[in-house]
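Hi,

Here is the structure I said I would pass on. Have a look at it first, and my notes on what turned up follow below.

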Amino acid sequence: MLALLLFVSFIILIFLGIPIAFSLGISSLIYLFMADISLSIIPQRMFGGLNSFVLLCIPGFILAGNLMNAGGITEKIIQFTNNVVGHIRGGLGLANVGSSMGFAGISGTALADTASIGSVLIPAMKKQGYDADFSAAVTSSSSTIGPIIPPSLPLIIVGTLASVSIGDLFLAGAIPGLILGIGLMIAVYIISVKRQYPKGEKQKLSVIGKSFIDAFWALMMTVVILYGILGGYFTPTEASIVAVVYALIVGLFVYRGLKVSAIPSILLSSIKSTASIMILVGLANLFGWILVSEKIPQLVAEGILSISDNKVVVILLIILLLLFVGTFMETIAALVILFPVLLPVAQTVGMDPVHFGVVMVLGLIIGLSTPPVGVCLFVASSIGKVSVGKTSVALIPFLSVSIIVLLLVAFIPQLTLYLPSLLD
């Protein structure tokens with residue numbers, strides 16, 4: 001009965017528009033009052049959720065991404081991808097997806113991708129004759145590549161929860177991220193040909209080469225991070241600090257778009273972003289502890305396996321749950337709460353923790369572009385000055401592609417496990 005109260009209060013708070021972190025905290029507080037449990041458990045469980053050395057890399061990667069973005073790398077990545085694919089029908093739409101793939105290795109978050117790339121490309125696409133809803137839909141859907149291609153904040157959370165290698169998870173996300181990007185590009189091209197969207201002039205190799213050199217240092221951040229972690233030169237936490245130093249050097253001395261006077265405001269913004277994530281993780285851990293104490297993981301496992309113990313059916317049920325939860329819950333909170341619940345079920349049918357971690361992140365981030373609380377959907381619609389309803393309709397083909405990629409990744413483990421296996 002108390003578990004039901006926990007869920008009902010949580011859902012009501014979400015639909016009242018209360019931020020997800022506070023919804024988790026308030027519903028947990030109500031439960032603790034009703035169960036007559038000492039409130040001292042709140043700081044204990046929050047600290048327990050945050051007491052991980054690996055989580056220290058989150059502020060580093062956030063700061064590095066903000067520094068690189070302030071240094072003007074967004075425009076350089078966009079220019080390079082536009083020079084490569086801009087001559088194809090729907091070239092700006094293709095450049096939008098390609099830029100998201102490049103930017104993913106810098107920000108690691110979908111929302112940063114939507115805001116940075118969308119603010120540049122959505123107005124440009126509208127100016128060239130693309131429909132506003134299409135422009136917003138492409139930006140919103142392609143931004144979900146960010147949390148899959150390394151470095152990825154959600155995959156760092158998964159590594160913490162499952163006690164698996166962050167390096168393995170980063171590698172595991174690379175191929176699914178590329179497949180998702182290619183799939184979205186195909187959808188953009190088909191729609192662009194059908195609607196006769198414009199195409200630009202084909203650029204000379206010298207122009208493409210110059211724009212690649214301009215974008216080279218930005219794109220190299222991913223290589224530096226992965227090479228350092230996988231080569232054993234530094235831990236993920238140390239990698240985040242290396243990324244900050246790299247971003248400072250590139251922003252100040254290579255691109256020279258980063259101003260020393262802007263660094264304090266960038267630090268403040270990064271501190272705010274980090275604080276919001278850490279509060280979310282702490283309160284989600286409290287919520288998750290309550291679920292464990294109420295034996296919800298066992299009930300969920302028994303419930304799914306009572307329907308069927310067939311591997312295909314179980315994976316499909318998990319995917320449906322992830323897609324549903326992703327529509328109304330923030331990705332990191334959902335991971336902290338659901339990953340410990342669903343991992344035993346996944347392992348029962350033979351899924352590797354690294355494979356399942358990527359499947360779970362991919363399943364949840366699709367919800368970032370779907371109503372009712374898809375933050376990327378709202379940001380892209382706001383930039384495009386188009387209604388959320390119109391953008392949601394325009395998103396249907398792109399969401400279809402994302403779900404197809406999710407199914408491929410779920411049922412073909414080698415798409416995630418091949419690269420990590422090379423290190424064994």
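Thr144 is buried, at a relative accessible area of 4%, which puts it below the 20% cut-off for that label. Keep in mind that this is a predicted model. Thr144 sits in the loop between α8 (132-142) and α9. What does Thr144 touch, leaving aside its neighbours within four places in sequence? Its contacts there are Ala110, Leu180, Ile365, Leu368 and Ser369.

Stepping back to the whole chain: there are 21 helices and 0 strands. The radius of gyration is 21 Å, close to the 22 Å that the globule rule gives for 424 residues, so the chain is as compact as a globular protein of that length. Along the principal axes, the C-alpha atoms fill a box of roughly 70 × 45 × 45 Å. Of the 424 residues, 54% count as buried. Looking at contacts with a separation of 6 or more, 78% of them join residues 24 or more positions apart.

The largest pocket has a volume of about 1,000 Å³. It is lined by 40 residues, and the closest to its centre are Leu111, Ser276, Ile277, Glu330 and Val375. Several helices supply at least two lining residues each, among them α2 (20-35), α4 (57-70), α7 (110-127), α13 (263-293) and α18 (375-384). How does that lining divide by class? There are 27 nonpolar residues, 12 polar and 1 charged.

The second largest pocket has a volume of about 400 Å³. Of its 18 lining residues, Met101, Gly102, Ile149, Leu178 and Leu219 are the closest to the centre. Two or more residues of this lining come from each of α5 (73-85), α6, α10 (166-195) and α11 (205-230), with α5 giving the largest share, 5 residues. By class, the lining of the second largest pocket has 13 nonpolar and 5 polar residues, and no charged ones. α6 (91-107) also supplies at least two residues to the lining of the largest pocket.

Last, the cysteines, in case you were wondering about disulfides. With a cut-off of 2.5 Å between cysteine sulfur atoms, the count comes to 0 disulfides. Cys57 is buried, with a relative accessible area of 0%, and Cys376 is buried at 0% too.

Happy to go through any of this with you.

Cheers

Key
Residues are numbered from 1 along each chain as its sequence is written. This is a predicted model: local features need pLDDT of at least 70, side-chain atom pairs count only at pLDDT 80 or more; totals for chains, interfaces and linings use all residues. Side-chain values use heavy atoms; hydrogens and water are left out. Buried means under 20% relative accessible area, exposed over 50%, partly exposed in between (1.4 Å probe, protein chains only). On a 1 Å grid over the protein atoms alone, a cavity is a set of points where a 1.4 Å probe fits but cannot get out, and a pocket is an open set with protein on both sides within 12 Å along at least five of seven lines; lining residues have an atom within 4 Å of a point. Grid points are joined across faces, edges and corners, and a volume is the space filled by probe spheres set on the points. Helices (H or I, at least four residues) and strands (E, at least two) are DSSP runs, numbered from the N terminus. Ala, Val, Leu, Ile, Met, Phe, Trp, Tyr, Cys and Pro count as nonpolar, Asp, Glu, Lys and Arg as charged, and the others, Gly among them, as polar. Contact means heavy atoms within 4.5 Å. The radius of gyration is taken over C-alpha atoms; the globule rule is 2.2 Å times the number of residues to the power 0.38.
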